[in-house]
Amino acid sequence: MRIALLGTGLMGTHLGRHLLGAGHELTVWNRTSDKTAALVVAGARAADSAAEAIVDAEAVVTVLFGPPSVRDTVIGPNLLTEGMLWLDVTSVGPDDADMFRAAAAEHGVRYVAAPVLGSMGPAEKGELGVLLGGDAADVAAARELAVLWGDPDKI
């Protein structure tokens, strides 16, 4: 699958490694571009902008720094395109998740809130807890990716 990963801090880098390890084609972007280096070395392609990262992506995984970053990076510029699957791993509250879901739905985007539970050790080992929320069919599609970094018994 062609996947765009927006946000390559510590958690995003671990998730990206799991996506690459499963053979996905990964394009990465981060506001601080040097934070994409580890994933580029591992086989990802770096993009100069979030908009460039999502071109031709079938799925987008966001691991950003809170709701304002999601609004500024994804919602404000209307980055996502119809039919795309969006897994938002960013830590947000229910009201923000509802707003992101509604904004995604306006554009025909399949939104799944996908926050993780755990620290860097479980992230590296693929043993995170993952909470998936959204339409049942979208959650099923998202689960296929989330099992790469999450413990199947904790998803």
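Predicted model: local features only at pLDDT ≥ 70, side-chain atom pairs only at ≥ 80, totals over all residues.
**T36**

Start with T36. This residue sits in the loop between strand 2 (25-29) and helix 2 (37-41). Is T36 buried or exposed? Its relative accessibility is 6%. Buried means under 20% relative accessible area, so T36 counts as buried.

What lies around T36? Leave aside its neighbours within four places in sequence, and T36 is in contact with T8, V28, W29, N30 and A46.

**D56 and N78**

Now turn to the backbone angle phi. Most residues other than glycine have a negative phi. D56 is not a glycine, yet its phi is positive, at about 65°. N78 is also a residue other than glycine, and its phi has a positive value near 50°.

Where do these residues lie? D56 is in the loop between helix 3 (50-54) and strand 4 (59-62). N78 is in the loop between helix 4 (66-75) and strand 5 (85-88).

How exposed are they? D56 has a relative accessible area of 57%. Exposed means over 50%, so D56 is exposed. N78 has a relative accessible area of 47%, so N78 is partly exposed.

The table sets out the accessibility values.

| Residue | Relative accessible area | Class |
|---|---|---|
| T36 | 6% | buried |
| D56 | 57% | exposed |
| N78 | 47% | partly exposed |

How values were computed:
Residues numbered from 1 in each chain as written. Heavy atoms only, no water. Helix = DSSP H or I, 4+ residues; strand = E, 2+ residues; numbered from the N terminus. Buried < 20%, exposed > 50% of the residue type's maximum accessible area, 1.4 Å probe, protein only. Contact = heavy atoms within 4.5 Å.
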